[in-house]
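The following exercises are to be worked with the sequence and the coordinates at hand. Each task is followed by a solution in steps.

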Amino acid sequence: SKEIRVALAGNPNSGKTSLFNALVGSNQKVGNFTGVTVEKYEGFRKYRDYKIRFTDLPGTYSLSAYSPEERVARNFILTEKPDLVVHVVDGTNLERNLYLTTQIMDLDIPFVIALNMYDEVKDKNIDINLDHLERLLGAHIVPTSAVEKTGIQDLLDHIVDTREGTITFRPHKLQYSQTLHKLIHDIEEILSRAKDLNTSQPNHWLAIKLLESDKEVYKILRDNPIWITLNQYLSKHLEPFKHLTGNDPEILLTEERYAFIRGALTETVHFPGKRRRDLT
Ligand code: GDP
Ligand code: K
Ligand code: MG
């Protein structure tokens with residue numbers, strides 16, 4: 001039968017496992033991700049004409065290379081290339097959860113947000129403009145409650161509709177400031193000229209991770225002849241960049257992600273009582 005491969009990615013305690021269970025029921029097994037002791041839960045659900053295979057990725061707050069969980073999550077997305085990433089977000093904790101969202105946006109892959117804990121969002125009268133948030137994040141949002149089992153069918157329909165091409169929402173990258181954008185863009189351009197760069201990782205993402213001094217990405221790039229050109233570029237441009245902006249690119253990347261999140265939340269989320277306070 002026709003298969004769709006889906007990976008669940010999200011912060012710890014966003015409800016990933018609960019959602020995974022609601023999606024696949026008892027059709028699941030546990031193993032390990034290759035080479036590491038991180039547990040890998042896989043399961044499937046037959047829906048419409050498809051067998052949808054789900055992998056519950058380890059919970060992470062980021063996609064840096066600092067922990068085995070983060071490396072497993074990002075390497076799975078980049079090398080296994082699931083048809084769709086379901087990014088599970090705790091709707092009551094958007095500010096914290098959206099940091100991972102910005103990192104998924106950097107990957108430039110199709111993803112859908114399962115806005116989980118939606119029962120609590122409603123109980124707490126948190127008002128989220130979903131349409132607008134979708135536009136800002138470049139991803140559809142499906143409200144779910146893994147405990148009340150609501151939104152599960154919507155999510156399954158979304159997965160199948162995406163596969164069948166009846167959903168045409170295009171992902172878009174996070175827009176960084178002009179100075180940062182230029183640095184990223186130049187590095188991408190150099191990487192696009194590299195031969196034998198044996199990696200499934202998109203140049204945009206490699207460029208960002210290089211600027212973050214990501215150990216794994218450094219290792220990949222240092223082993224390639226393009227490193228000479230890259231190194232020349234960085235030697236020439238990093239100091240002027242720091243002088244101009246007063247910061248390392250790594251720090252600015254993080255600051256700009258948080259600024260984006262604050263802006264997005266200001267535009268789309270109202271907590272109960274906030275509007276009233278604003279008026280007085
Ligand atoms: P994970 O760490 O992302 O795998 O999260 P879990 O699935 O283990 O869930 C963490 C906690 O949140 C558990 O106590 C769940 O019962 C609870 N939880 C998960 N999804 C929901 C939801 O949609 N609504 C509510 N109210 N609680 C949820
Ligand atoms: K947990
Ligand atoms: Mg879990």
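**Exercise 1: The shell around ligand 1**

In this predicted model, α1 provides three residues of the shell around ligand 1, the largest share. Determine how many residues surround ligand 1 and how they divide into nonpolar, polar and charged.

Solution.
- Step 1. Ligand 1 is surrounded by 15 residues, and N13, T17, S18, D119 and A146 are the closest.
- Step 2. By class, the shell holds four nonpolar, eight polar and three charged residues.
- Step 3. By element, α1 (16-24) and α4 (118-123) each contribute at least two residues to the shell.

**Exercise 2: Polar atoms at ligand 1**

Identify which polar atoms of G15, D119 and A146 lie by ligand 1, backbone or side-chain.

Solution.
- Step 1. For G15, a polar backbone atom is 3.0 Å from an oxygen atom of ligand 1.
- Step 2. For D119, a polar side-chain atom is 2.8 Å from a nitrogen atom of the ligand.
- Step 3. For A146, a polar backbone atom lies 2.8 Å from an oxygen atom of ligand 1.
- Step 4. Ligand 1 taken alone exposes 580 Å², of which the protein buries 70%.

**Exercise 3: The two domains**

State where the chain is divided into domains, and describe the contact between domain 1 and domain 2.

Solution.
- Step 1. Domain 1 covers residues 2-164, and domain 2 covers 178-246.
- Step 2. Taken over C-alpha atoms, the centres of the two domains are 29 Å apart.
- Step 3. Contact involves twelve residues of domain 1 and eleven of domain 2.
- Step 4. Between them the domains bury about 1000 Å², with 48% of that area on carbon and sulfur atoms.
- Step 5. Of the area that domain 1 buries against domain 2, R74, L78 and D106 supply 47%, more than any other three residues.

Definitions and conventions. Residues are numbered from 1 along each chain as its sequence is written. Chains are lettered from A and ligands numbered from 1 in the order in which they are written. This is a predicted model: local features need pLDDT of at least 70, side-chain atom pairs count only at pLDDT 80 or more; totals for chains, interfaces and linings use all residues. Side-chain values use heavy atoms; hydrogens and water are left out. A residue is near a molecule or strand if one of its heavy atoms lies within 4 Å of it. A polar contact is a pair of N or O atoms within 3.5 Å; within protein, one must be able to donate a hydrogen and the other to accept it, and residues adjacent in sequence count only if both atoms are side-chain atoms. Accessible areas come from the Shrake-Rupley method with a 1.4 Å probe; for residues, only the protein chains shown count as cover. Helices (H or I, at least four residues) and strands (E, at least two) are DSSP runs, numbered from the N terminus. Ala, Val, Leu, Ile, Met, Phe, Trp, Tyr, Cys and Pro count as nonpolar, Asp, Glu, Lys and Arg as charged, and the others, Gly among them, as polar. Domain bounds come from an automatic or database domain assignment. Contact means heavy atoms within 4.5 Å. Buried area is the accessible area (1.4 Å probe) that two parts lose on being put together, summed over both.
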